[in-house]
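Me: I have a model open and would like to go through it. Could we take it step by step?

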Amino acid sequence: MLQESLNFVFPNDFHIMWSLMIVIYPYVTGIVAGAFIVSSLYHVFGRDELKPVGRLSMVASLAFLLIATTPLLLHLGHPERALNIVITPHFTSAMAAFGMIYTCYLTLLTLEIWLVYRKDIIMVAARSRGIKRVIFSVLSLGVYDISEESLRIDHRAIIVLASLGIPAACILHGYVGFMFGSVKANAWWSTPLMPIIFLFSAVTSGIAMIIILYQSLMRLSGQKIIGECVQSLSRWLWLFTIMTVTLEMLEIISLAYKKGEEWLVIGPLLGTKLAFPFIAVQVVFGSLIPIVLLAIVVLMKPFLTNPLRNTIAFVASLILLIQVFAMRWNVVIGGQIFSKSMRGFRDPYVPELFGREGALAAIAIFITPFVLLAIFNKFLPMYETSDEPSGGESA
Amino acid sequence: MDHTKHLWRVVLILVLAGAGAIIGRHFLIPKSFGEQGFYRYDSLGDYMTQPVRHGGDAACAACHKDRADAKAGGKHATVSCESCHAPMASHATTEAKTADMPKNRDMTLCLWCHQKLRARPETMPQIEISEHLAALDPEDAKKADVCFNCHDVHNPSMK
Amino acid sequence: MPYMKGEPMNDNKEMKSDAALEVSRRDFLGTIAGALSAVALVIVADDAVYIASGAEPGAPLPAGGYDPDKHSYVYVIDITKCIGCGSCVRACKAENNVPDLFFRTWIERYMVSRSGEVSVDSPKGGYDGFDPSITGDEITKAFFVPKMCNHCSHSPCVQLCPVGASYRSPDGVVLVDEKRCIGCGYCVQACPYGSRFLNPETKVASKCTWCYHRITKGMRPACVEMCPRGVRKFGDAKALHDEVSEIIATKQVHVLKPELLTEPNLHYLGLSMEVR
Ligand code: SF4
Ligand code: SF4
């Protein structure tokens, strides 16, 4: 057995090149895909208890989707050439699929939201004056038909779109996982499990985000949080967390057990440089605690009061959002820590504060979807305060 | 009454957008793209026009025949002029001299090849510098260009 | 498929090389510019076929006198001869304006002890030579390994480039189109050999080009030219009696990380198992 001193990196490998932005990117698209799956549970699979978050999850998905390209643009050496990726997409590259998949998904999601909100849009147009009226008339595409018949047609179209959206969301995030999984030069990334792990943790983060958004929105607008909805979301979240964590652990266990060449660096990596972000944050804090918390919510339902359950679910969701972020970090940054010489580690990576790829930029990116949501909500409320039932949604 | 009017408008918009994208893309694809494979063929030309900086020994010999001959007859025959001096481009064009050629007389230059190293093949003449200079006057041994006291670089057996 | 080599292109190429022979080197920049502007793109039917036509039929694209289809380059490094002097590293930096901190070629020093312990170093890629004071207990074998882009036939970097900026030229050189590269760095992640880097000045991917500007003029790459011990050999598999392809065909050569099936065109003589 060769002994290694782990102190040699290839001369070009001294720094970590893919930065915080590349961590943010799969994190955000994960939330996009996950939130969409929640909306599909309601629209396609008829989980009526999820009706309260039906609109929210769709709009949240769109809000995050709209900023999903920003981290990439900030990272590119030549953002002004970003369009090359759609002008000459190289079909053998996972990254090139981005343009196609993103556009399809964006179209699909926008359409679905438009159909769901069509009646509201027309009402707003009818109610308002001036510029707002013009904008909303344009948004309604000049058709003011809100007859029973047309709404029924809309409803059918929504179901079709939502069903198409499920594979689209899976592809959107599966491709992100594949982008890493297909790099055969990198032992930490190169596993067929990667897209699946990404997908499951995406759904986890999406559901967690919806639980948090829903509860916060209700609090802010002084409405009642519907316990059934949180209960149901928690159950799904529990399921997906367990699957995610199982897959993540399976990957490590099989690497450790097979003890291939890559374990020479991954073993020491997990023991030293990744000990905190991986073992402490991702596994112990991020996975075990929420699984236990959610188990309480799911298994001890009769013993929990509404506020208690909601609080536990809220806390578990927050922790899971951190877990998923840690997972992205450990994949993207962790995968770059060791040099391809398999004989040493690169300089540690600490994100800068200011600067194009710095922490502040990342925070700004992450806050934007919430602002977008607030703006959207102002014009087209996700929760009616009046007693008027919403058009496209009623089954 | 037809209740699908709004949907048809959506379809129309999508078709228009799609067609716009396809047509727009045409004009954005660079000229020689795809000619030989999935890349811009003219990019080869970009590389070909990069200036050459090292001319090679033959180019040096065109003006410095004496040195070239001296070198060719000795143990440094395989050592390129430019690897000890500097790339040709910093000294002359095909037509004229543009700047003086540096003459590096520092012993680090010699030691790059002749310092004794465990990884160096034994067939390579190598020295342990302190041993090698032991017989010299200590004052001389301190000088950076001490090697030139005894060796002619272009034909480096003892002078 | 929109970008397949179509019949019309092949016909053009024949004429191209003939016409091109008359173009002298000095004219060639001008010729390229002229030819480019003369060549018009005609879009036939739906996005499918491109036909180049113009005032100068078969004008050389992209350069005069050189036909990439007539060459297929190969490279051999004889590890047993390398003295680790770093001449190639310095030559490469000077020839190609390689930014500080990064390398298109570099030298690694391996020292292996009887117990099997391997220590490797490559201070500044070998640019300033190696420290003689670094040794180990009972070193039983030690050697230098020059590294560079392997110009893989099945290069993961080309496969993964999203925009077709990384490509393998018809003569077998893996290059980066610096005008189309978006600087995503995916190829840098994809190269198993650490041969690529993002150039901090131009913000595009950069790597060894086998001195494409030299070899297309019949010269040898700068590293080969400057190596004093004949460690590095550059050849053309399509040439008659090529020494380098002969070595690859008849000697016991090895490539780096063969298990990845990247099919390098850089072969090593005397490679030892410690080298990755
Ligand atoms: S060695 Fe690296 S950069 Fe060179 S062709 Fe192979 S994968 Fe690409
Ligand atoms: S950095 Fe440039 S050459 Fe490399 S994959 Fe990205 S676009 Fe292609």
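Predicted model: local features only at pLDDT ≥ 70, side-chain atom pairs only at ≥ 80, totals over all residues.

Me: How many residues of chain C are in contact with chain B?
Reply: On the chain C side there are 74 residues, and they touch 47 residues of chain B. The area buried between the two chains is about 5,200 Å², and carbon and sulfur atoms give 60% of that area.

Me: And how many salt bridges are there between chain C and chain B?
Reply: There are two salt bridges between these chains. B:Arg40 forms a salt bridge with C:Asp177, with the closest N and O atoms 2.7 Å apart. The side of chain C that touches chain B has 40 nonpolar, twelve polar and 22 charged residues.

Me: New topic: strand E4 of chain C. How many of its residues are buried?
Reply: Nine of the nine residues in E4, which spans residues 105–113, are buried. Both faces are covered: one side includes C:Ile107 and C:Met111, and the other includes C:Trp106 and C:Tyr110.

Me: Which strands are joined to E4(C) by bridges?
Reply: Nine bridges join E4(C) to strand E6 (residues 139–148) of chain C, and the two run antiparallel. C:Glu108, for instance, has C:Val145 as its bridge partner in E6(C). Strand E5 (residues 117–121) is also antiparallel to E4(C), with four bridges between them; here C:Arg109 is partnered by C:Asp121.

Me: What lies between E4(C) and E5(C)?
Reply: Three residues separate these strands, which form a hairpin. In the turn, C:Gly116 has a positive phi of about 100°.

Technical notes: Residues numbered from 1 in each chain as written. Chains lettered and ligands numbered in written order. Heavy atoms only, no water. Contact = heavy atoms within 4.5 Å. Buried area = accessible area lost by both parts, 1.4 Å probe. Salt bridge = Lys/Arg side-chain N within 4 Å of Asp/Glu carboxyl O. Nonpolar A, V, L, I, M, F, W, Y, C, P; charged D, E, K, R; others polar. Buried < 20%, exposed > 50% of the residue type's maximum accessible area, 1.4 Å probe, protein only. Pairing = 2+ DSSP bridges.
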